[in-house]
2 protein chains.
Amino acid sequence: MSLLTVGSVAFDALETPFGKTDRIIGGAATYITLAASYFTEDNNLVAVVGDDFPSSMIGVLEGRGINTEGLEIRKGEKTFFWAGKYHENMNSRDTLVTELNVMGSFDPKIPGSYQGAQYLMLGNTSPSIQKAVLDRLNTRPKLVMLDTMNLWIEIALDDLKAVLKEVDILTINDEEARLLSKEYSLRKAARKILAMGPKTLVIKKGEHGALLFYEDEVFFAPALPLEEVFDPTGAGDTFAGGFIGYLAQTDDISFDNLKRALVYGSAMASFCVEKFGVERMTNLSREEINERVAEFVKLAIFKID
Amino acid sequence: MSLLTVGSVAFDALETPFGKTDRIIGGAATYITLAASYFTEDNNLVAVVGDDFPSSMIGVLEGRGINTEGLEIRKGEKTFFWAGKYHENMNSRDTLVTELNVMGSFDPKIPGSYQGAQYLMLGNTSPSIQKAVLDRLNTRPKLVMLDTMNLWIEIALDDLKAVLKEVDILTINDEEARLLSKEYSLRKAARKILAMGPKTLVIKKGEHGALLFYEDEVFFAPALPLEEVFDPTGAGDTFAGGFIGYLAQTDDISFDNLKRALVYGSAMASFCVEKFGVERMTNLSREEINERVAEFVKLAIFKID
């Protein structure tokens with residue numbers, strides 16, 4: 001099935017205890033579409049960059065079969081730039097630079113060929129942009145998933161609540177779930193958030209796995225304990241991309257399949273953190289993905305007599 | 001099979017955002033033996049209290065069929081006392097009072113009737129006391145499990161390493177695993193710790209579940225997302241008691257059964273935190289335990305086609 005992803009394509013400069021990078025390709029929609037590219041071939045991107053964005057980086061996306069017709073290149077403007085430095089344990093980071101540049105006036109344009117997309121991933125941007133995308137689609141997709149962050153909960157809560165009424169799945173991390181619901185217990189937080197609109201809530205807990213709340217059901221997928229986390233950048237977006245990519249591939253939004261999607265998303269995220277930036281996400285094989293998913297099965301499965 | 005547990009029996013005074021208690025029964029061995037009492041009837045305690053310890057509290061243990069022949073009552077001395085206050089989110093606490101009293105000179109005495117115990121749980125006490133217990137047993141138990149804490153890693157590392165050579169299973173939390181191994185990655189930490197002696201390592205991550213490392217295998221049991229954590233005191237010990245109690249009941253130390261034991265331990269811990277102190281651990285029914293374990297199955301089980 002066709003997948004449409006709207007979000008940021010950016011320059012990232014990263015520093016971790018293992019090294020640092022110059023400007024490399026980053027952005028939520030980059031990680032989402034790359035992860036989804038292992039599941040669906042009808043993989044359509046809407047984003048904006050400046051004319052400083054090299055065609056070689058667009059080639060990274062196109063090399064994975066991603067449709068970049070909806071990637072607007074603004075003449076005389078600069079690409080969104082983020083620089084960050086991770087602390088020793090990789091669980092926290094400092095933002096060194098945020099230059100919004102073209103993202104400050106992102107006005108998503110949906111190419112006609114994208115209309116009718118069945119799966120929609122609204123990557124982390126302002127809720128008003130996310131709402132505009134929904135308004136610009138001629139038909140409502142079968143499934144709409146939205147990611148957001150603490151910033152929007154703090155400065156654009158009304159806009160966020162408005163768009164949440166129209167989405168099927170919300171994916172946020174545990175801190176954001178607590179901020180949005182004003183509840184510490186994730187079980188209570190989930191109940192409040194599901195009452196805001198989404199039928200399904202995915203709470204990402206990073207190295208502690210992810211929870212899936214669906215009506216009165218709850219499912220947990222662990223994160224794989226890794227030898228080394230090299231660079232956590234993009235792990236959450238990669239997770240989301242694997243999740244919705246798997247749903248678009250299988251075109252099954254039952255709870256059992258959402259559970260499988262959560263495991264596939266976790267598997268994709270576990271690859272992402274093994275190298276800097278998108279490096280690991282550009283050359284995976286189907287066999288590697290299947291082996292990784294098999295590791296998740298071994299990690300999580302038990303049998304009570 | 002028979003289980004022998006050595007550890008502290010204490011007075012606790014607890015304060016959480018939900019209320020506070022006077023001196024109630026606490027201590028690692030209390031939680032361990034209470035949790036194990038739902039699995040094995042041959043449940044033997046070695047501990048020490050002062051003559052200020054009321055017989056009604058000993059009755060709490062005996063009411064669950066725990067053999068208190070090895071509970072030494074020291075005349076003219078006072079029971080170990082700990083007072084703590086939990087912070088708003090329950091994830092951290094301040095110790096308000098620690099009075100070691102009789103625990104400062106704990107010299108575990110093994111009644112003759114306890115000799116031949118097949119399962120041994122060395123609750124958190126100094127490594128030299130844990131080693132003394134092993135030396136005082138006429139025959140080595142089939143399985144020896146040890147719990148410890150950051151204090152002993154910091155002030156008695158050589159003693160701890162000596163006793164670790166003689167145990168089958170070590171259970172510690174994630175911070176302690178990192179402190180003991182000097183590795184942040186839990187996968188690397190596990191490898192280093194397994195090289196110190198234990199064949200199996202259980203890393204407790206509190207609300208984030210528990211990892212079981214066994215030779216080259218790894219298994220993860222989630223914690224149940226709870227509506228409310230009322231009082232986390234004793235959850236780790238209750239987990240350990242459910243774990244080893246289940247092993248003693250089933251007398252099967254295969255990896256598959258260790259996995260089940262981890263789930264039973266997690267289930268018992270999820271009850272413990274629902275009320276203050278040991279309150280919830282004194283009146284569980286078999287049906288409640290089975291239902292809770294079934295919730296863990298629903299939480300964790302998925303099927304990849």
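Analyst: Helices (H or I, at least four residues) and strands (E, at least two) are DSSP runs, numbered from the N terminus. This is a predicted model, in which local features need pLDDT of at least 70, side-chain atom pairs need 80 or more, and totals for chains, interfaces and linings use all residues. Residues are numbered from 1 along each chain as its sequence is written, while chains are lettered from A and ligands numbered from 1 in the order in which they are written.

User: Where is Lys182(A) found, and why does Lys182(A) count as exposed?

Analyst: Lys182(A) sits in the loop between helix 6 (174-181) and helix 7 (186-194) of chain A. A residue is exposed if 12 or fewer other C-beta atoms, placed from the backbone, lie within 10 Å of its own, buried at 20 or more, and partly exposed in between. Lys182(A) has 9 C-beta neighbours inside 10 Å, so Lys182(A) counts as exposed.

User: What makes the phi of Lys182(A) worth a look?

Analyst: Most residues other than glycine have a negative phi. The phi of Lys182(A) is near 60°, a positive value in a residue other than glycine. Asp251(A) also has a positive phi, near 50°. Asp251(A) lies in the loop between helix 8 (235-250) and helix 9 (255-272) of chain A. With 13 C-beta neighbours inside 10 Å, Asp251(A) is called partly exposed.

User: Why does Met103(A) count as buried, and which residues does Met103(A) touch?

Analyst: Met103(A) has 25 C-beta neighbours inside 10 Å, so Met103(A) counts as buried. Met103(A) is in the loop between strand 8 (93-99) and strand 9 of chain A. Contact means C-beta atoms, placed from the backbone, within 7 Å. Leaving aside residues up to four places away in sequence, Met103(A) touches Ser8(A), Val48(A) and Phe80(A). The C-alpha atoms of Met103(A) and Leu212(A) are separated by 30 Å, with the two residues 109 apart along the chain.

User: What makes helix 1 of chain B largely enclosed?

Analyst: In helix 1 (residues 28-36) of chain B, 9 of the 9 residues are buried, so the rest of the structure largely encloses this helix. Among the buried residues are Tyr31(B), Ile32(B) and Leu34(B).

User: How do you know which strands are the edge strands of the sheet in chain A?

Analyst: Two strands pair if DSSP finds at least two bridges between them. In chain A, 9 strands form an open sheet of mixed pairing, in the order 6-5-1-9-10-11-12-13-14. Strand 6 (67-74) and strand 14 (217-221) of chain A each pair on one side only, and these are the edges. The twist averages 15° from one strand to the next.

User: Why are strands 13 and 14 of chain A said to pair?

Analyst: Strand 13 and strand 14 of chain A are joined by 5 bridges and run antiparallel. Leu211(A) has Phe220(A) of strand 14 as its bridge partner. The hairpin of these strands has 2 residues between them, and Glu215(A) takes a positive phi near 50° there. Strand 14 of chain A is mostly covered, with 4 of its 5 residues buried.

User: In which sense do strands 10 and 11 of chain A pair?

Analyst: Strand 10 (residues 143-147) and strand 11 (residues 169-173) of chain A pair in the parallel sense over 3 bridges. Leu146(A) has Leu170(A) of strand 11 as its bridge partner.

User: How many residues does each chain give to the contact, and which element of chain B gives the most?

Analyst: Chain B gives 26 residues and chain A gives 26 residues. Helix 7 (186-194), strand 14 (217-221), helix 9 (255-272) and helix 10 (286-300) of chain B each give two or more to its side. Helix 10 of chain B gives the most, with 4 residues.

User: Which residues have the most contacts inside the largest nonpolar core?

Analyst: A nonpolar core is a set of buried Ala, Val, Leu, Ile, Met, Phe, Trp, Tyr and Cys residues joined through C-beta atoms within 7 Å. The largest has 195 residues, and those with the most contacts inside it include Leu212(A), Met145(B) and Leu262(B). Leu262(B) touches Val202(B), Ala210(B), Leu212(B), Phe219(B), Ala221(B) and Phe243(B), not counting residues up to four places away in sequence.

How values were computed
Contact = placed C-beta atoms within 7 Å. Axes fitted to C-alpha atoms, helices over the stretch in contact; angles between N-to-C directions.
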